[in-house]
Structure formats: C-alpha cells, structure tokens
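Biologist: Would you kindly show me how to read packing and overall form in a model of this kind?

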Amino acid sequence: MPTDFASSNAAKKLRVDAFRRNISSHHKRILLFLFDQPRAALAAHRTSRRALHTQHDHRSSLRCLNHGPTTTTVSQHPLRSAILSRMGAPTYDAETLAAYFHPIRPETWDDPIVGPVLRRLAEEAPEVIEAVGDVDRSLIFEALTWTPEARVARALGMAAFIERTRESMGHGTR
Amino acid sequence: MGLDDPAERALVDLLDAEVELIVVGGLAAVLMGAPVVTFDIDIVHRRTPENVDRLLALLLRNGAYHRLDLANRRLPPTRDALLGRGHLNLAMGDAKLDVLCEIEERSGYEDLVGDAEPVPFHGKTLLVLGLRRLIQAKAAAGRPKDHMVIPVLVATLEASKKRH
C-alpha cells in the first residue's frame with residue numbers, strides 16, 4: 001500500500017473510528033492490511049477464523065457469507081466505501097453489477113459434490129467463498145461462447161505473452 | 001493461433017496417438033470455459049501397459065524429458081515411472097507437459113473418468129475433468145494457488161448451468 005494513504009489524516013481517522021466502534025476482527029484484518037501491517041493482519045485473520053468457527057454453526061456461517069442478514073459483513077460495513085475508493089469503484093447501476101458480480105447462488109450450496117466443499121471452505125478459508133462475488137462473469141459468459149479450441153488458444157496465447165514479457169524483463173522462463 | 005502453439009500441438013499429438021487420458025488442472029478449467037491462463041498441460045493417463053506404451057512412444061519420439069532436474073540432464077521418462085503413482089513434469093519441445101499418474105489421494109484415471117466430460121477438440125474427443133470434480137480437487141489440494149482459482153471455477157460452474 002502506498003504510504004500516502006496510510007499516513008493521511010483520513011486514514012488515521014478511519015483507524016481511530018474503527019477501533020472505537022469495536023469492529024470485528026475481520027474488519028480489523030482489512031484495516032491492518034490497508035495500513036501495511038501484514039504480520040498483525042495475519043494475526044487478525046487467524047482471530048477472525050477462530051471467531052467464525054466458534055460463533056456460527058454451518059448454516060449461520062452460510063447465511064452470513066451468502067445472504068448476510070445475521071451479522072454485519074464487509075460488504076455492508078461503512079469501511080467498504082473507503083476500501084473501494086482505493087480500488088476504484090465501478091460506474092454501473094446496481095442491477096447491472098448484480099448480473100455480473102454476485103455471491104454463490106443458493107442452489108450451488110445444495111450441489112451434492114460442490115456443496116460440501118463450499119461448506120468446508122466457508123469454515124476453513126472464508127475469503128475464498130467471499131471472492132466468488134468478485135469474479136467478473138462477463139469474462140466467463142464470453143468464454144462460454146467460444147469453441148474449446150478458441151478457449152485453449154486464448155489461454156495459451158496469454159501465457160506465451162506473459163512468458164515473453166518475463167523474458168524481455170530478464171526474469172527468464174518459468 | 002491454431003496449432004502454432006506447442007502445448008496445443010502436444011495435446012493434438014496425444015489424441016492422434018490414441019493415448020487414453022483425462023485433461024486436469026488449469027487446462028481443464030480453460031476447456032470448461034473458465035477465463036484463466038495456464039502455462040502447462042496436466043494429464044492423468046490410464047495406466048494399462050498398452051496405453052503406457054503408446055504414451056511413452058509418443059514422448060520419446062518427441063524428445064520429452066524431465067524438466068525438473070537441477071543438473072539439466074534431459075532424462076527421458078521411463079515406462080516404470082509412467083506405470084507408477086507419481087507426477088512426471090516433462091518438457092516436450094516448447095510445451096510443458098505434466099503427466100500425472102494420480103492426483104489428490106490416489107485418484108487415477110479409473111477414479112476420475114466418471115467425472116470427466118467429452119469435449120470436441122480438433123475433430124477428436126478429449127476427456128476433460130468436469131468443473132465439480134476440479135473444484136473438489138483444488139479444495140483438497142489446499143495450497144494458496146489452488147484456492148485462488150476456486151472462485152473462478154465456482155462462477156464458471158454457475159454460468160455453465162445457467163447456459164444449459
């Protein structure tokens with residue numbers, strides 16, 4: 001993270017406000033990451049995982065992660081706006097965004113193969129579950145219109161480009 | 001790009017040689033529609049003597065060698081290794097080809113074939129590990145690099161179901 005944000009008055013105010021509000025360890029983890037404190041962020045991350053294990057059973061965890069009514073999630077927290085402003089906010093309306101970025105569908109949790117995997121990840125690596133909501137589906141919708149040959153050609157072509165770039169930067173081949 | 005790409009050429013060569021295999025890993029994700037980049041081909045081959053002989057003949061004909069060798073001796077793959085349980089990280093021309101006898105905990109060709117989907121590829125049929133089993137395998141592997149791809153795989157699974 002650039003130091004200009006971390007040292008800014010706005011950042012200091014956010015930090016003070018956050019701790020005054022006694023926010024959850026999960027939010028603390030994000031704040032610490034913003035403030036360039038990876039070691040402390042890792043500790044907070046572990047704390048938040050322990051909290052997730054002890055505070056919720058499977059179903060309430062899923063509600064929290066997938067539907068969000070039981071506790072305040074990152075997506076609802078006022079700090080999200082501060083984080084998003086660092087990342088750059090999309091310019092589309094809510095309906096459009098929901099079509100391309102959304103959490104895991106309820107029916108996927110019921111899938112006989114994938115469902116148990118997702119429930120385990122919700123406990124052991126909740127950030128993986130949350131990240132599904134950040135996947136840009138427009139890339140997938142486009143790829144699904146291509147032939148298998150075109151999909152392979154695109155992926156390998158991009159890999160070849162990355163390798164050429166690495167070589168030109170003196171990093172050698174993978 | 002067509003068959004100019006060495007990895008794609010290698011895949012077609014494997015099909016032409018009638019090697020029984022299942023594409024797994026990143027290339028399987030790509031074939032199933034996931035917008036990810038992959039640098040190598042991961043395959044799980046059927047470990048019958050006949051199939052291993054077909055695979056070995058192709059590998060030797062194309063000068064395949066173990067690319068993970070600090071002494072860079074360009075050691076060729078062996079029949080015994082292909083009949084075993086390990087992973088052979090090979091280079092074949094400019095293609096990187098990972099020949100996996102088993103994945104996860106002792107899952108070989110026979111264990112995976114039920115979850116593989118036929119995908120048309122250059123006039124032939126390629127068996128590709130389905131998204132559900134891929135997600136399961138990535139989660140079981142548990143490494144950060146495996147976890148990173150799971151969100152895209154889950155989103156691709158949902159998009160595929162919606163499309164069908």
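**Packing and form of chain B**

Modeller: Leaving aside neighbours within four places in sequence, B:Leu153 is in contact (C-beta atoms, placed from the backbone, within 7 Å) with B:Ala29, B:Ala34, B:Leu131, B:Leu134, B:Ile135 and B:Lys138. The model is predicted: local features need pLDDT of at least 70, side-chain atom pairs count only at pLDDT 80 or more, and totals for chains, interfaces and linings use all residues. Residues are numbered from 1 along each chain as its sequence is written, while chains are lettered from A and ligands numbered from 1 in the order written.

Biologist: What percentage of chain B counts as buried?

Modeller: Of its 164 residues, 45% are buried (20 or more other C-beta atoms within 10 Å).

Biologist: In what order do the elements of chain B run?

Modeller: Chain B has 7 helices and 7 strands (DSSP runs: H or I, at least four residues; E, at least two). From the N terminus, their order is α-β-α-β-α-β-α-β-β-α-β-β-α-α. The radius of gyration of chain B, over C-alpha atoms, is 15 Å, close to the 15 Å that the globule rule (2.2 Å times the number of residues to the power 0.38) gives for 164 residues, so chain B is as compact as a globular protein of that length. Along the principal axes, the C-alpha atoms of chain B fill a box of roughly 45 × 35 × 30 Å. Of contacts in chain B between residues at least 6 apart in sequence, 58% join residues at least 24 apart.

Technical notes. Contact = placed C-beta atoms within 7 Å. Buried ≥ 20, exposed ≤ 12 C-beta atoms within 10 Å, placed from the backbone.
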